[in-house]
Amino acid sequence: MSKSNTKAWCSPFSFLVLSTIIMAVTFSGWNAMLNNFAIETASFNGANIGMLQSLREIPGFLAFTAIFVLLVLKEQTFALISLCLISIGVAITGLFPTVYGLYATTVLMSVGFHYFETLNQSLSLQWFSKDEAPEKLGKLLSIKSMASLVTFAFVWAGFSWFTLGYTAMYMIIGGFGLLLTAYLTLSHPYFPQKTTQHKKLILRKEYTLYYLLTFFSGARRQIFMVFAGFLMVEKFGFDVAQITTLYMLNHVINIFLAPKIGQMISRIGEQRALTIEYSGLIVVFIGYALVESSELAATLYVVDHVFFAMAIALKTYFQKIAEPEDIASTAGVSFTINHIAAVVIPAAFGIVWLYDNALVFYFGAALAACSLLLSQMINRHLAKRQLTQAASC
């Protein structure tokens, strides 16, 4: 390989590509088997799955602590350590097939996952310019979907053709993550930051709308992540192969759609993109509450996933209003805000689920409606911030 090709490969974008693949493979493999593993092996009920998901979100709630770790570690190094934690947590999941065992391995995996997601957002917004960010983020989402698709295909084949058990599947997927993290560490140099980041927590009044949108996004996302998949298994009896097929379909769509969504956001702006997303999600959540057909439930699940891909617009909105030196600190703070409701909702609504699962999804529709109302202020806020930034120059 020539020096120019080596330089092109060992770039910030290629670092994000490989790290995205590692995260996608490990988390997708863990998540594809979770509901069936929990029900079939650990004898979970709705309250147990709600508690597990609340425990999983505690590290997300504590994501603001990333800024303190960055006092001693570079962001890139911290990201690699986080990928190791995800991989180890996934690899050992099948070795502890009990309620408390699954709680423990989930928390370990989640620590790495949430720190990595915080750092990934920070590095992406620092390394990409404002003009290229929507399209580059769309490409990364597409790559994430490709990696997830391959993982789901492997999980489907493992259970359908090779009759591998949960222990072997989790070990293979986690081991792959560790090997690829080692390669990423050895193959890529440290990339210096363009702007020195603040090493302290920052809350700014100017970011209030972003904080609110992030809060409602986190609350709404939990209902989808925790209860939509659980609905498929508990109410409609989907097995691992069927759930994995649904995941695969979602990611096939995203492979082609995500880059186009990024381009669309650049063309129509964040406010219009988020208006489309939130309006669609209101309809989807009401559909979940009323659905009695497994085919319609599966359709809603796919449509739901497509709408969530439009959340790229929330990241690019923040990039446009943020001071460059605030990005790392605010990434941690925003992940904490994103997970305030996430710590409470799974456990609380796991109990509600035992009485009436429709109420869980009606609440999701209400959260989407709140987001829709807030999103109508984005253009006004962007114009105000641009005037303020121009005046300060």
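**Close-up views of helix packing in a predicted model**

**View 1. Packing of helices α11 and α12.** In this predicted model, helix α11 (residues 270-290) packs against helix α12 at an angle of about 160°, and the two axes lie 10 Å apart. Angles over 145 degrees count as roughly antiparallel, and α11 and α12 are therefore roughly antiparallel to each other. Their crossing is left-handed.

**View 2. Residues in contact between α11 and α12.** On the α11 side, the residues in contact are Ile276, Glu277, Gly280, Leu281, Val284, Phe285, Gly287 and Tyr288. They meet Ala297, Leu300, Tyr301, Val303, Asp304, Phe307 and Phe308 in α12. Sorted by class, this contact has 11 nonpolar, two polar and two charged residues.

**View 3. Helix α12 on its own.** Helix α12 comprises 15 residues, 294-308. From its first C-alpha to its last it reaches 21 Å, close to the 21 Å expected at 1.5 Å a residue. The buried residues of α12 are Ala297, Ala298, Leu300, Tyr301, Val302, Asp304, His305, Phe307 and Phe308.

**View 4. Crossing of helices α7 and α13.** The axes of helix α7 (residues 133-160) and helix α13 (residues 312-321) come within 10 Å and cross at roughly 145°. The crossing of α7 and α13 is right-handed.

**View 5. Residues in contact between α7 and α13.** Helix α7 contributes Ala133, Pro134, Leu137, Gly138 and Leu141 to this contact. Their partners in α13 are Ile312, Lys315, Thr316 and Gln319. By class, the contact has five nonpolar, three polar and one charged residues.

Definitions and conventions
Residues numbered from 1 in each chain as written. Predicted model: local features only at pLDDT ≥ 70, side-chain atom pairs only at ≥ 80, totals over all residues. Heavy atoms only, no water. Axes fitted to C-alpha atoms, helices over the stretch in contact; angles between N-to-C directions. Helix = DSSP H or I, 4+ residues; strand = E, 2+ residues; numbered from the N terminus. Left-handed = near helix turned anticlockwise from the far one by under 90°. Contact = heavy atoms within 4.5 Å. Nonpolar A, V, L, I, M, F, W, Y, C, P; charged D, E, K, R; others polar. Expected span 1.5 Å × (residues − 1). Buried < 20%, exposed > 50% of the residue type's maximum accessible area, 1.4 Å probe, protein only. Parallel < 35°, antiparallel > 145°, perpendicular 65-115°, else oblique.
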